Amino acid sequence: MATDIKALGDQIVGLTLLEAKALADYLKETHGIEAAAGGAVVMAAAAAAPVEEKTEFDVILAEIDPAKKMAILKEVRAITGLGLAEAKKVVETANSVIKEAAPKADAEALKKKLEELGAKVTLK
């Protein structure tokens, strides 16, 4: 361990309660560093988990325009590979999953195509 780190650690351990409180206040106000519940010093920004962007989506057929049911049915059959009866059931059932874990670009393309045909589609 580097001698300057060891010396700093020894200085922190040797602080009185009032000095430790003053140090904690200084670190919080000046540098945004706060003591964790266990007493370890943690940066506030580091405590927040990084947000990961979602890359796969389920394409969900929320509802359809009944007047355009046949066109939507044909497209759902092309997307899913289902037979006529199965695809009809999917189209007639609200919030049916058309495609699971599709890459973002594919999911958005399917959504656009189905919406052009008269469907309401959500990505989750």
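**Entry: α4 and α6**

I started with how α4 passes α6, and the crossing is right-handed. I'm keeping in mind that this is a predicted model. Next I looked up the packing: α4 and helix α6 (residues 104-116) pack at an angle of about 160 degrees, and their axes are 9 Å apart. Angles over 145 degrees count as roughly antiparallel, so that's what I call α4 and α6.

Which residues in α4 meet α6? I found Ile72, Glu75, Val76 and Ile79 there, and on the α6 side I noted Leu110, Lys113 and Leu114. Sorted by class, the contact of α4 with α6 has 5 nonpolar and 2 charged residues, with no polar ones.

**Entry: α4 and α5**

Then I turned to the pair made by helix α4 (residues 69-80) and helix α5 (residues 84-92). Their axes are 9 Å apart and the packing angle is about 120 degrees. That angle makes α4 and α5 oblique to each other. The crossing of α4 past α5 is right-handed.

I listed the contact residues too. α4 brings Lys69, Ile72, Leu73, Val76 and Arg77. α5 brings Leu84, Ala87, Lys88, Val90, Val91 and Glu92. Here the classes come out as 7 nonpolar, 4 charged and no polar. Going back over my notes, I spotted that Ile72 and Val76 of α4 touch α5, and that Ile72 and Val76 are also listed for the contact with α6.

**Entry: the sheet**

On to the strands. What is the strand order in the open sheet? I read it as β4-β3-β5, 3 strands with antiparallel pairing.

A reminder to myself: strands of a sheet pair through backbone hydrogen bonds, either parallel or antiparallel.

Next I followed β3 (residues 56-64), which is joined to β4 by 5 bridges, the two running antiparallel. I looked up some partners in β4: Phe57 has Ala102, and Val59 has Lys99. β3 and β5 also run antiparallel, with 5 bridges joining them. For Ile64, the bridge partner in β5 is Ala119.

**Entry: α2**

Last, a quick check on helix α2 (residues 17-31). How far apart should its ends be? With 15 residues at 1.5 Å a residue, α2 should span 21 Å, and I found its end C-alpha atoms 21 Å apart, which agrees. I also looked at what comes after α2: Gly32 follows, and its phi is positive, near 70 degrees.

Methods. Residues are numbered from 1 along each chain as its sequence is written. This is a predicted model: local features need pLDDT of at least 70, side-chain atom pairs count only at pLDDT 80 or more; totals for chains, interfaces and linings use all residues. Side-chain values use heavy atoms; hydrogens and water are left out. Two strands pair if DSSP finds at least two bridges between them. Helices (H or I, at least four residues) and strands (E, at least two) are DSSP runs, numbered from the N terminus. The expected span of a helix is 1.5 Å times one less than its number of residues. Axes are lines fitted to C-alpha atoms, for helices over the stretch in contact, and angles run from 0 to 180 degrees between N-to-C directions. Angles under 35 degrees count as roughly parallel, over 145 as roughly antiparallel, 65 to 115 as roughly perpendicular and the rest as oblique. A crossing is left-handed if the near helix is turned anticlockwise from the far one by less than a right angle, and right-handed if clockwise. Contact means heavy atoms within 4.5 Å. Ala, Val, Leu, Ile, Met, Phe, Trp, Tyr, Cys and Pro count as nonpolar, Asp, Glu, Lys and Arg as charged, and the others, Gly among them, as polar.
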